[in-house]
Amino acid sequence: MKLLKVALVVGSLRKESFNKKIARAVSEFKVGGLHFENIEIGELPLYNEDLEENEPLEWQNFRKELKLYDAVLFITPEYNRSVTAVLKNALDVGSRPYGRSVWDGKPAAIISCTAGGLGAFGANHHLRQSLVFLNMPTLQQPEAYLSHAANLFDESGALIDASTRDFLKSFLIKFKSWIENNIEEKKV
Ligand code: FNR
């Protein structure tokens, strides 16, 4: 089996973001067969269909880059019980021009993480709603809702909570099988 390239798309721009720290831990777990790379979404101009006539360079690069990945792992906080604006913007930019969505058919999974107590459930499920329309087969079980994020890391930002580490490792093993079972040959 070839190495599977997974794009990590993080829905927070904050320097000390807990979600960025989860993404870092995921990259460091070294689950065999998966290779993770961070995709930057913070510089994408806000989606405006008028700009398609003269596609911004950032959109061009993002669209080209995403095509190189076999799958996408979204790691996101919740803002006002939904996804963050920056993440929704990235979904929209990648989804157009109509019929040329970079998301189409790529297996996906979602980890939501919050400082609060409800695991960013609202964001996780609003994101799932968009991924249905984007035709991304999305891992259903296990679900990953991480709460009380301030307790999970040490001062250096390393994920030190043992049960979260164990859970994420098993989540990634399931995700790997999910990718293998859902990857479209034309995209390999
Ligand atoms: C939040 N936060 C938040 N938390 C939550 O669990 N549910 C929510 O609906 C919201 N809403 C919300 C709106 C806005 C505008 C902000 C700035 C924050 C708190 C949020 O979970 C917390 O700031 C996280 O630490 C954000 O994730 P990162 O940046 O640490 O990855």
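Me: How do the axes of helix α3 and helix α4 cross, and at what angle?
Reply: This is a predicted model. Helix α3 covers residues 85-95 and helix α4 covers residues 121-133. Their axes come within 12 Å. The crossing angle is roughly 5 degrees.

Me: Is α3 roughly parallel or roughly antiparallel to α4?
Reply: The axes cross at roughly 5 degrees. Angles under 35 degrees count as roughly parallel. Therefore α3 is, relative to α4, roughly parallel.

Me: Which residues in α4 meet α3?
Reply: From α3, the contact uses Leu87, Lys88 and Leu91. By class, the contact of α3 with α4 has four nonpolar, one polar and one charged residues. The α4 residues are Leu127, Ser130 and Leu131.

Me: Which side chain makes a polar contact with the side chain of serine 82?
Reply: Serine 82 sits in the loop between β3 (71-76) and α3. Leaving aside neighbours within four places in sequence, serine 82 is in contact with Pro77, Gly122, Ala123 and His126. The side-chain polar contact, at 2.8 Å, is with histidine 126.

Me: Which side chain has an N or O atom 2.7 Å from an oxygen atom of the ligand?
Reply: Residues surrounding the ligand include Ser12, Arg14, Phe18, Asn80 and Thr114. Phenylalanine 18 places a polar backbone atom 2.9 Å from a ligand oxygen. Asparagine 80 has a backbone N or O atom 2.9 Å from a ligand nitrogen. The side chain at 2.7 Å belongs to threonine 114.

Me: How much of the ligand's accessible area does the protein cover?
Reply: The shell around the ligand has four nonpolar, five polar and three charged residues. On its own, the ligand has 620 Å² of accessible area. The protein covers 71%.

Me: Which residue does a cis peptide bond join to glutamine 141?
Reply: Omega of this bond is about 0 degrees.

Me: Where is proline 97 found?
Reply: The peptide bond from arginine 96 to proline 97 is cis. Its omega is near 0 degrees. Proline 97 is in the loop between α3 and β4 (108-113).

Me: What is phi of lysine 30?
Reply: Lysine 30 is in the loop between α1 (18-28) and β2 (34-39). Its phi is positive, in a residue other than glycine. The value is near 60 degrees.

Key
Residues numbered from 1 in each chain as written. Predicted model: local features only at pLDDT ≥ 70, side-chain atom pairs only at ≥ 80, totals over all residues. Heavy atoms only, no water. Near = heavy atom within 4 Å. Polar contact = N/O pair within 3.5 Å; in protein donor to acceptor, adjacent residues only side chain to side chain. Areas by Shrake-Rupley, 256 points an atom, 1.4 Å probe, with all protein chains shown as cover. Nonpolar A, V, L, I, M, F, W, Y, C, P; charged D, E, K, R; others polar. Axes fitted to C-alpha atoms, helices over the stretch in contact; angles between N-to-C directions. Helix = DSSP H or I, 4+ residues; strand = E, 2+ residues; numbered from the N terminus. Parallel < 35°, antiparallel > 145°, perpendicular 65-115°, else oblique. Contact = heavy atoms within 4.5 Å.
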